[in-house]
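Hi,

Here is the structure I promised to pass on to you. Have a look at it first, and then read on for what turned up.

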Amino acid sequence: MKQFKKVYIEITNICNLSCNFCPKTKRKLEILSGEQFQKVIEAVKPYTDYIYLHLMGEPTLHKDLRLFLEIAYEAGLEVNLTTNGTLLHEVEDVLIEAKSLRQVNISLHSFEANDQGVDLSAYVEQIARFVNKAAPRIICSMRLWNKDSETLKASNALNMPILHLLEEAFHLQGQLSEALQHKPSFKLQDHVYLNMAEKFDWPDIDKADDTGQMFCYGLRDQLGILVDGTVVPCCLDSEGNIPLGNIYETSLEEILKSPRATRIYEGFSNRQAVEELCKRCGYAKRY
């Protein structure tokens, strides 16, 4: 069994939307080259069987997405991809034909979090069309991660219309809203799921810290690699505030054995966050 359940790879930090729940990035906007992606894959394949094309940015924007999926297949890696769903019609064939693609996560909550002038029915219709074509082989997980929490109000006024449109698109009997009152996930058909979750606070170095007990799977079952090669402990370090090293300059083995990485791992083993950013992470509180 390999060390990590998943490695997040940011193939671009450019996005075509500006979601109100997204922390955005102040980093230089970049696009990973084919040569860089090949190097990243060679570095991570001894450590995981699954890569996630997700940190910041919209992966379906990348012009070399087909090539990247082929490189992953040749390396024996399975790919999970997270998208806002707005460009699925443009990359539909690329995704469905990719032998390496295991799962597509579609953030439906991104629709209401933007003011793009796009018709909701058309948005849901194109996603349903893609899902129906992909689902015989690819897992499709549609997400509404915008429920109100005890401390956060989310943009979710369109959830009921979205649920009704999904009921129609997938010819469902009964109401999704009722089914989701009792559980966070619902299976619409084989390989097709709808998941709901509360909005969460992204870690923010400028927020007040929480010095209470905390646990995270960062460096335990996951790590992230930003578009410039910076290795970070988890998928939520959107600004690279905890740089552990650069994959183009240092081997992943050395990076993982570094004093900083070791302190992070050992800290969470004792349910303690040792990094300032980690102390300010709303998502970690779920554990």
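**The α4/α5 contact**

In this predicted model, L120, S121, V124, A128 and N132 of helix α4 make contact with P161, I162, L165, L166 and A169 of helix α5. By type, the residues of this contact divide into 8 nonpolar and 2 polar, with no charged ones.

How do two such helices get described? For a packed pair, one gives the angle between the axes and the distance between them. Here α4 spans residues 120-134 and α5 spans residues 159-169; their axes come within 10 Å and cross at roughly 40°. The crossing of α4 and α5 is right-handed.

**Helix α2**

The next stop is α2, residues 65-74, where L65, F68, L69, I71 and A72 are buried. Viewed down the axis of α2, these buried residues fall within an arc of 160°, so they line one face of the helix. What do they pack against? After α2 comes G76, which has a positive phi, near 75°.

**S107**

Strand β4 also holds S107. Is S107 buried or exposed? Its relative accessible area is 11%, so S107 counts as buried. Leaving aside residues up to four places away in sequence, S107 touches T82, T83, N84, Y123 and R143.

Happy browsing, and write back with any questions!

Conventions:
Residues are numbered from 1 along each chain as its sequence is written. This is a predicted model: local features need pLDDT of at least 70, side-chain atom pairs count only at pLDDT 80 or more; totals for chains, interfaces and linings use all residues. Side-chain values use heavy atoms; hydrogens and water are left out. Buried means under 20% relative accessible area, exposed over 50%, partly exposed in between (1.4 Å probe, protein chains only). Helices (H or I, at least four residues) and strands (E, at least two) are DSSP runs, numbered from the N terminus. The arc is that of the directions from the helix axis to the C-beta atoms. Contact means heavy atoms within 4.5 Å. Axes are lines fitted to C-alpha atoms, for helices over the stretch in contact, and angles run from 0 to 180 degrees between N-to-C directions. A crossing is left-handed if the near helix is turned anticlockwise from the far one by less than a right angle, and right-handed if clockwise. Ala, Val, Leu, Ile, Met, Phe, Trp, Tyr, Cys and Pro count as nonpolar, Asp, Glu, Lys and Arg as charged, and the others, Gly among them, as polar.
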